[in-house]
Amino acid sequence: MPPRDPLTALDTHEVANQPPILTDYELYERDPVLRAAVKREGAGWAKPLLRRFGAALGSERVIELGEAANRHPPELRAFDPFGRRIDEVTFHPAYHELMALAIDHGVHSIAWTADQPGGHVAHTALEYLLVQVEAGVCCPLTMTYAALPVLRRHTGLAALWEPRLLSNIYDPRALPIDEKRGATLGMAMTEKQGGSDIRANTTRARPLGGTELGEIYALTGHKWFCSAPMSDAFLTLAQTDEGLSCFFVPRWRPDGTRNPILIQRLKDKLGNRSNASAEIEYSDTWACLVGEPGQGVKTIIEMVHHTRLDTSLAAAGLMRQAVVQAVHHTRHRRAFQKHLVDQPLMRNVLADMVLEWLAATLMVMRVARAYDEAAGDEAAALFARLAVAVSKFWINKRLPGLVYEAMECLGGVGYVEESILPRLYREAPLNSIWEGSGNVICLDVLRTIERTPAALEAFFDEIDSTKGTDGRLDAVVTRLKDRLGRPKAAIAEVEARALALALQASLILRHAPAAAADIFLEARLDAGRGLVFGTLPAGAPCQEIIDLARVGA
Ligand SMILES: Cc1cc2nc3c(=O)[nH]c(=O)nc-3n(C[C@H](O)[C@H](O)[C@H](O)COP(=O)(O)OP(=O)(O)OC[C@H]3O[C@@H](n4cnc5c(N)ncnc54)[C@H](O)[C@@H]3O)c2cc1C
């Protein structure tokens with residue numbers, strides 16, 4: 001007889017019918033949808049990097065780091081032991097190790113350092129892998145990635161900061177920039193009286209005069225949310241006589257003294273616990289103007305445009321982790337004489353969730369390519385602008401329900417902290433709230449359509465590449481074009497949802513197995529379906545779909 005596993009043979013009973021722990025699997029290699037999308041959307045060259053990163057992230061050690069970074073949240077150290085203000089935040093070593101791993105693989109930098117097209121696609125794939133293991137570190141990496149185009153508008157700042165921001169060395173020390181080997185950037189816009197309505201900002205900027213770095217101001221006011229407060233600098237908004245303006249606020253002044261970024265407290269958040277989110281005050285804080293005075297929103301919107309890509313891709317990555325866990329568990333757990341995955345109702349639920357993740361992943365990867373193409377292609381830039389808002393809205397709306405359903409697939413243990421599902425569940429609503437909450441994004445979609453009809457044309461051009469392939473999609477698109485031809489009559493949320501589903505359907509027709517595509521169109525374009533998971537029509541090829549999320553033995 002083969003030796004019995006000592007862990008299953010307890011004195012009192014045999015531990016039976018429990019799945020093996022899902023660890024030591026390669027996140028990239030085992031994701032056929034991502035692999036194909038990376039190649040198709042133009043970042044095939046990043047395969048070795050993605051393989052290495054995916055293998056590291058799936059290792060038992062890194063999975064444990066993700067757990068530890070969330071179990072031991074950051075702490076504020078506003079003062080040194082003798083009462084002097086330092087405004088620092090301490091993190092568990094696991095957080096630092098994860099940051100170092102991500103920065104070493106260029107999550108924050110590859111979009112800007114790649115020597116061939118596809119940098120944004122590679123960035124998207126890297127962060128999609130990372131978020132599956134730890135979502136909190138994605139915040140500072142995203143902000144660093146997204147701030148670069150804005151920083152580049154200021155040649156003096158860019159000369160000093162860009163080499164550190166694009167460095168693949170993680171240097172968490174609180175030091176002036178010229179003493180650092182790597183740096184990160186944050187963003188502070190939201191104030192107490194208004195987050196979506198940032199024009200309500202009250203922080204004042206007092207001009208101090210010109211220097212070789214340009215126009216310098218002193219800021220006084222507050223920011224109600226400022227995540228990653230240990231970033232080396234922040235892009236922020238404040239009022240000048242000309243109106244709301246964009247500023248660069250470093251942690252240290254150019255003379256080597258601490259710049260007052262006074263951390264009042266850290267938020268006690270639902271999830272995203274490894275990442276610190278602070279309330280801060282500025283008190284005559286040194287700030288360098290970026291862009292034109294009074295043009296703050298126009299300047300910082302470029303950063304927001306890039307963070308929106310990440311808030312979309314993060315939702316797709318979180319979906320991937322949830323469906324992988326659900327499929328793994330149900331393939332090993334038996335109930336009523338069958339593996340759960342073979343029970344017809346469970347198969348339907350699983351396949352339905354896998355379809356949702358599949359559509360989300362195809363969409364974010366396609367949108368990422370538009371970011372790569374945007375530099376020299378106006379239509380791509382317009383498509384990116386509209387499609388990223390649509391995808392941020394829709395994938396994030398679908399995510400909490402999907403994570404909850406995945407949790408239920410695990411039964412009781414899904415509700416227990418040691419399975420990753422509770423962490424995913426707490427994380428799930430966040431990406432919808434920041435960088436434009438649901439309603440605000442939908443209004444933004446309508447505004448874009450109204451002011452820039454060419455963006456809608458670019459969006460429909462993409463969908464029309466499958467025109468004539470499936471009558472159900474053609475009918476939806478015809479109705480949508482008619483309604484959006486009269487945008488004043490449109491209902492923002494209805495149209496954003498319809499645009500998202502039409503794009504997903506078109507992508508799935510092109511890039512998914514035919515049977516899966518057929519079921520997706522039936523299950524999502526039919527108004528009566530898709531409200532809960534598990535309503536795929538009879539005869540759906542569930543097993544074929546479920547296998548897309550099978551990673552373990
Ligand atoms: C964990 C976390 C970290 C964050 N980190 C940062 C950060 O680093 N930097 C930063 O600047 N901000 C940060 N934020 C703030 C975030 O971006 C804001 O919370 C968000 O923009 C919404 O602003 P608000 O909280 O003021 O809500 P409000 O603007 O009051 O909105 C509340 C609700 O009303 C809806 N709404 C608003 N206007 C309309 C309208 N015209 N019609 C219909 N509905 C409307 C919104 O969609 C939202 O659902 C963070 C938030 C969280 C939760």
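These legends walk you through a few close-up views of a predicted model.

**View 1. The residues around the ligand.** A shell of 20 residues surrounds the ligand, and the closest are Met189, Thr190, Gly195, Ser196 and Ser227. Sorted by class, this shell holds 10 nonpolar, eight polar and two charged residues.

**View 2. Polar atoms facing the ligand.** Here we look at individual atom pairs. An oxygen atom of the ligand lies 2.8 Å from a backbone N or O atom of Gly195. At Phe225, a polar backbone atom is 3.3 Å from a nitrogen atom of the ligand. With Asn439 the side chain takes part: one of its N or O atoms is 3.1 Å from a nitrogen atom of the ligand.

**View 3. How the protein covers the ligand.** Taken alone, the ligand exposes 980 Å², and the protein buries 66% of that.

View 4. Is Gln321 buried or exposed? Its relative accessible area is 4%, and because that is under 20%, Gln321 counts as buried. Leaving aside neighbours within four places in sequence, Gln321 is in contact with Tyr25, Gln132, Ile420 and Leu424.

Methods. Residues are numbered from 1 along each chain as its sequence is written. This is a predicted model: local features need pLDDT of at least 70, side-chain atom pairs count only at pLDDT 80 or more; totals for chains, interfaces and linings use all residues. Side-chain values use heavy atoms; hydrogens and water are left out. A residue is near a molecule or strand if one of its heavy atoms lies within 4 Å of it. A polar contact is a pair of N or O atoms within 3.5 Å; within protein, one must be able to donate a hydrogen and the other to accept it, and residues adjacent in sequence count only if both atoms are side-chain atoms. Accessible areas come from the Shrake-Rupley method with a 1.4 Å probe; for residues, only the protein chains shown count as cover. Ala, Val, Leu, Ile, Met, Phe, Trp, Tyr, Cys and Pro count as nonpolar, Asp, Glu, Lys and Arg as charged, and the others, Gly among them, as polar. Buried means under 20% relative accessible area, exposed over 50%, partly exposed in between (1.4 Å probe, protein chains only). Contact means heavy atoms within 4.5 Å.
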